[in-house]
Structure formats: C-alpha cells, structure tokens
Amino acid sequence: MSAPAIAVENLEKYFPPALTGLRSLLHPFARATQCALGGISFTVEPGEAMAIVGHNGAGKSTLLRILATLIVPTRGRAALGGFDVERDGQAARSRLGYHTGGDEGFYARLSGRENLAFFAAMNNMMGPAARERIDSVARLIGVADDLDRQVRTLSTGMTHRLGLARAFLHGPAVLLLDEPTRSLDPLAAADFRRMLKDDLVRRRGTTLLFASHTLSEVDEIADRILLLDHGKLLACDSPRGLRAATGTTSLEAAIAHLARPSAPPARGFGERSGEAPS
Amino acid sequence: MTLARTLRKIAAFFWRDFSIVRGYRAAFAFELVEALFGVATFFYLSRFVESPQLDRTLPAGSNYFAFALVGFAFFDYMSVALTAFDASIEEARQNRTLEALLVTQTPLRVILAGSAVYPFFALALRTCVYLAWGALFFHFSPRGANWTGAVAVLLASILAFSGLGILSAAYQILFKRGNPAKWLLLGISGLVGGMMYPVAVLPHPLQVVARLIPVTYSLEGMRAALLAGAGWRELLPSIGALLIFAIVLIPASFAVFGWALRRTKVTGTLTHI
C-alpha cells in the first residue's frame with residue numbers, strides 16, 4: 001500500500017515569545033511557549049484536495065510552512081509521500097510545490113521566463129527539457145503570453161499565476177498553497193480555481209492542500225476541510241459531511257457552528273484519518 | 001548531487017545576477033570612471049610619500065604607488081567576501097525569494113556558493129580595470145609578474161575570506177541586520193592587514209594581530225607575485241596560510257550557518273525583516 005501524500009501525526013509547534021528592546025538582548029534564545037499547533041493529526045490521500053480553514057492565528061500558515069520544510073515542528077511528525085519533512089527534507093522538497101498568495105518572490109528585473117528558468121535549474125531541470133517544461137506549464141497556468149515581460153511590469157494576477165507556475169514547474173506530487181486567490185479579482189479568482197481543480201487536481205492527480213478564508217472557494221475546490229482553531233483540530237470532513245454533521249445548509253453556518261467554544265465534535269470527525277481529536 | 005549538476009546550478013546563479021546587472025549599464029560605465037579617479041588619487045598621493053623605512057620594506061624594484069594600488073585592489077576581496085553572502089541573504093529576504101529558494105531541491109551550501117559567484121567575478125573585472133588604468137596612465141608595470149602565482153594566491157584568498165563571509169551571513173540570518181563583528185574585522189584588517197603600508201612599519205603587538213588575519217597573507221602573496229615576480233617557493237607560505245584559514249573556516253562557517261538557519265526555522269523568523 002502506498003504512503004499517503006501527506007501524513008501528519010500529533011504535530012505540535014510552539015514559538016518563543018516576540019521580545020523587543022532590552023528583554024530581547026537578555027533572552028536571545030527564549031523558550032518556545034506560544035502554541036501555534038497543538039498536536040494535530042490527519043492524512044491526505046494522493047489526488048485529494050484539502051482546504052485548511054480557521055480564523056487568523058489558527059495555525060494554517062504554520063502547518064503549510066512546516067510541510068514546506070520552512071519551519072521545524074516542536075514535536076510530532078509530518079511526511080510527504082513517506083518522507084519526513086524534518087529528517088529527510090531534501091526528498092520531501094522534491095515532492096512539493098509551495099506558493100503563497102502574494103505577488104512577491106520574484107526577481108523583478110528578470111522576465112517571467114528567466115525567473116522560471118532559474119527556479120527550474122534549482123529543481124534540477126536544465127537545458128531543452130527545462131525550456132519545454134516552462135512553455136507547457138506556462139500554457140497550463142495561463143501565463144504563456146506574458147512570459148517574456150519583466151516581472152515588474154506584470155499585473156498582480158499574472159505574477160500570482162507565475163508563482164503557481166513556479167510551484168508546479170517540477171511536477172510535484174503535492175501542492176501547498178497559502179491563500180491562493182488572496183490578491184486576485186473575482187473573475188481571475190474563479191478562473192484560477194477552475195484551473196486548480198480541473199487541470200491540476202482532477203486531470204493530473206496532484207494532491208492539493210490549501211489555506212483559505214473564502215468559503216465559496218473551499219466549497220468549490222476541496223474534497224475535505226481541515227478546520228483549525230488556535231492550533232487545535234476541530235473537524236476534518238467533506239463540506240457535505242460538515243453540513244450534515246451540524247444540521248446546517250451552508251458551509252459558513254457549519255463552520256460557525258463548529259468554531260463555537262461549546263460546539264460538540266462533528267460527526268465524521270477524523271473518519272478518513274483515523275485520528276482522535278487532540 | 002553530481003558535480004556537473006552543482007556547477008550548472010552555480011552557473012544559473014551567475015546568469016541570474018548577470019542578467020539583473022545587465023539592466024544597469026550606466027552604473028557599469030560610472031564604475032570604470034570611478035576606478036580611474038581612485039587610481040589617480042593613489043598616484044598623486046604616492047608622490048608625496050617617501051620614507052627610507054618604507055623603501056626597505058617594499059618589494060625590490062617597486063614603488064609606493066604600485067604597492068598601494070595592489071593593496072587597494074585586492075583588499076576589496078576581503079570586503080566583498082564579507083558582504084556578498086549576507087547581502088544575498090538580505091536581498092532574498094527583502095524580495096521574498098528566500099523561501100522560494102529554500103523549498104527547491106538545491107542544498108544550502110550551493111545556494112550560498114552560487115550567490116557569491118557573480119560578486120567575485122565583478123570584483124575580478126574591477127581589479128583588472130584598476131591595474132589597467134594604473135598601467136595605462138600611471139607607470140604601473142607588472143612586467144615581471146608571476147601571473148599564475150597571483151591567481152593561486154587570489155583563489156586561496158577567496159576561499160579563506162569566504163569562510164568569514166559565510167559566518168557573517170549566519171549572523172545576518174539570525175539577527176537580521178547590523179553585524180558588528182563584520183565591521184570590526186574589516187576595521188582591523190584595514191588597520192593591520194597592510195593595505196596602504198607594509199605590516200613591518202606597525203608596532204610589534206599590531207604585527208602579531210596582523211598574523212592572525214587572512215588578508216595580511218593575501219596582500220603579501222599578491223604583492224610578491226605581482227610586484228616582485230616571486231616564484232612558487234616564495235609564495236608557498238602565503239598560500240599555505242590562506243589554505244589553512246580556508247580549511248578551518250569553511251566547514252566551521254557552513255556548520256554555524258546551518259545551525260543559524262535551523263534556529264530561524266525553530267523560531268519562525270526566517271523571513272522576518
């Protein structure tokens with residue numbers, strides 16, 4: 001049996017408090033006491049699209065950054081395709097594409113093509129094969145016409161697409177996206193969601209884990225939803241399952257119900273991950 | 001990772017930086033003129049510097065202008081090494097490319113090495129410009145120079161300085177800005193390293209300090225190769241000392257940088273500005 005695309009077991013992350021002034025000098029290595037993730041567990045199967053939902057500070061970005069090997073967990077384990085992100089970061093990185101929803105992270109004076117060629121080289125793709133791959137991914141993501149313009153002249157939406165093209169360039173099995181339509185206008189966002197769901201997930205079987213505050217987007221793309229609150233896992237189920245479990249008709253109402261402090265656990269919680277709530 | 005793949009990745013870094021700089025052609029032209037002004041300043045300054053003690057310590061057949069020109073041109077390798085690595089980290093953090101780089105399949109040591117290739121290449125060009133201006137207009141004559149020896153000293157110097165540069169980058173990634181150790185090291189190196197005057201004219205305690213920093217050996221070796229045409233046997237002490245610095249500093253600096261990077265991954269401050 002193949003390993004899940006993403007496996008997270010009892011993952012905890014504590015950050016040290018942000019100190020300023022004299023206190024930062026007196027305590028340069030202060031103990032990590034602020035909980036960002038409090039022992040969450042779940043799995044994502046290959047080809048599945050899972051959304052992470054929660055308030056600001058719920059731990060969504062921290063979870064994605066741990067999976068992207070940019071943050072080290074305090075305790076617990078996270079693996080991509082069976083490769084531990086902490087112990088075997090290099091192998092895990094070969095399986096992931098990571099993109100935050102901003103229009104940053106490029107060399108502004110280079111063209112989109114030059115940027116993609118550089119990052120392709122960093123992912124071991126060079127020469128004619130890299131050039132062909134850049135062209136095919138640019139067509140897929142919809143940036144082919146603007147590929148030879150300097151990045152500083154591109155619109156926010158186009159730069160954003162370029163970011164997704166970079167994340168997808170080496171054909172990763174897992175895409176990690178942090179608020180993927182944050183800076184897009186409604187039409188571009190709809191187009192982007194269609195492309196994510198139809199082209200990358202359905203047609204190519206890419207596993208997608210994305211954080212979002214837009215519930216219509218979550219409803220449209222996600223097979224399952226991971227609901228976080230202050231680093232705790234409140235629920236992990238399909239949109240339909242969450243609605244049924246809470247007896248509500250909309251996803252918004254279901255999540256509002258679950259995020260209430262006194263809300264009972266949702267039916268179907270952790271069904272596919274087989275994990276108990278922490 | 002194979003050596004060929006590593007070299008191609010380093011070439012990608014070089015091409016990236018070259019492509020960015022290519023957009024600023026006017027700045028390159030201004031640098032050429034600036035170098036001419038610098039060389040001219042040394043030339044006219046050197047006409048007023050005369051001392052029997054200085055003459056005794058200069059390489060045979062040399063003069064103070066040639067001595068200062070070589071010192072000035074090659075001291076820059078120390079400055080660039082100490083700034084290239086942390087500047088590349090800072091720039092990547094500012095333009096948000098650091099995270100994008102760190103999630104690729106390129107090891108940290110290749111990212112660091114690649115980031116420094118273009119700055120050293122540009123400096124090598126600048127050094128040639130300095131020497132060319134000196135030769136064209138100010139009677140600087142490296143006719144009897146041991147050029148292969150000079151290249152060997154230069155490569156050993158770059159290796160030794162790079163260790164210090166990576167340590168500086170470790171400080172930068174951990175504490176974000178302001179690196180007092182870098183400025184202290186540059187200040188001490190400028191004072192006792194022999195950039196503008198021979199180490200022999202310094203008081204004894206400062207001469208001892210001079211022996212503890214790599215730039216002293218670099219400038220001695222470079223002057224011996226370029227101004228006195230010294231052979232390999234005479235260059236060996238300088239090259240050997242520089243290689244010892246490199247052997248100690250490079251693994252230590254990579255270890256410290258790896259620890260600093262991990263620390264920022266623990267604290268979540270990797271991309272904080």
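I began with the term helix: helices are DSSP runs of H or I with at least four residues, strands are DSSP runs of E with at least two, and both are numbered from the N terminus. With that settled, I looked just after helix 4 of chain A and found that N124(A) takes a positive phi of about 70 degrees.

I note that this is a predicted model, in which local features need pLDDT of at least 70 and side-chain atom pairs count only at pLDDT 80 or more, while totals for chains, interfaces and linings use all residues. Residues are numbered from 1 along each chain as its sequence is written, and chains are lettered from A and ligands numbered from 1 in the order in which they are written.

**Chain A overall.** I counted 10 helices and 10 strands in chain A. Of its 278 residues, 50% count as buried, where buried is taken as 20 or more other C-beta atoms within 10 Å of a residue's own, with C-beta atoms placed from the backbone.

**The sheet.** I followed four strands of chain A that form an open sheet in the order 2-1-4-5, with antiparallel pairing; two strands pair if DSSP finds at least two bridges between them. Strand 2 (34–44) and strand 5 (83–84) of chain A are the edge strands, each pairing on one side only. Strand 1 (residues 6–15) of chain A joins strand 2 of chain A through eight bridges in the antiparallel sense, and I looked up A7(A), whose bridge partner in strand 2 of chain A is T43(A). Helix 2 (residues 60–67) of chain A lies across strand 1, strand 2 and strand 4 (75–80) of chain A, and runs at about 115 degrees to strand 1 of chain A; the axes are lines fitted to C-alpha atoms, for helices over the stretch in contact, and angles run from 0 to 180 degrees between N-to-C directions.

**Helix 4.** I then returned to helix 4 (residues 112–122) of chain A, which is mostly covered, with 10 of its 11 residues buried. Among them are L116(A), F118(A) and F119(A), and also E114(A) and N115(A). These buried residues pack against helix 5 (127–141) and helix 6 (156–168) of chain A, together with helix 1 and helix 5 of chain B.

Technical notes. Buried ≥ 20, exposed ≤ 12 C-beta atoms within 10 Å, placed from the backbone. Contact = placed C-beta atoms within 7 Å.
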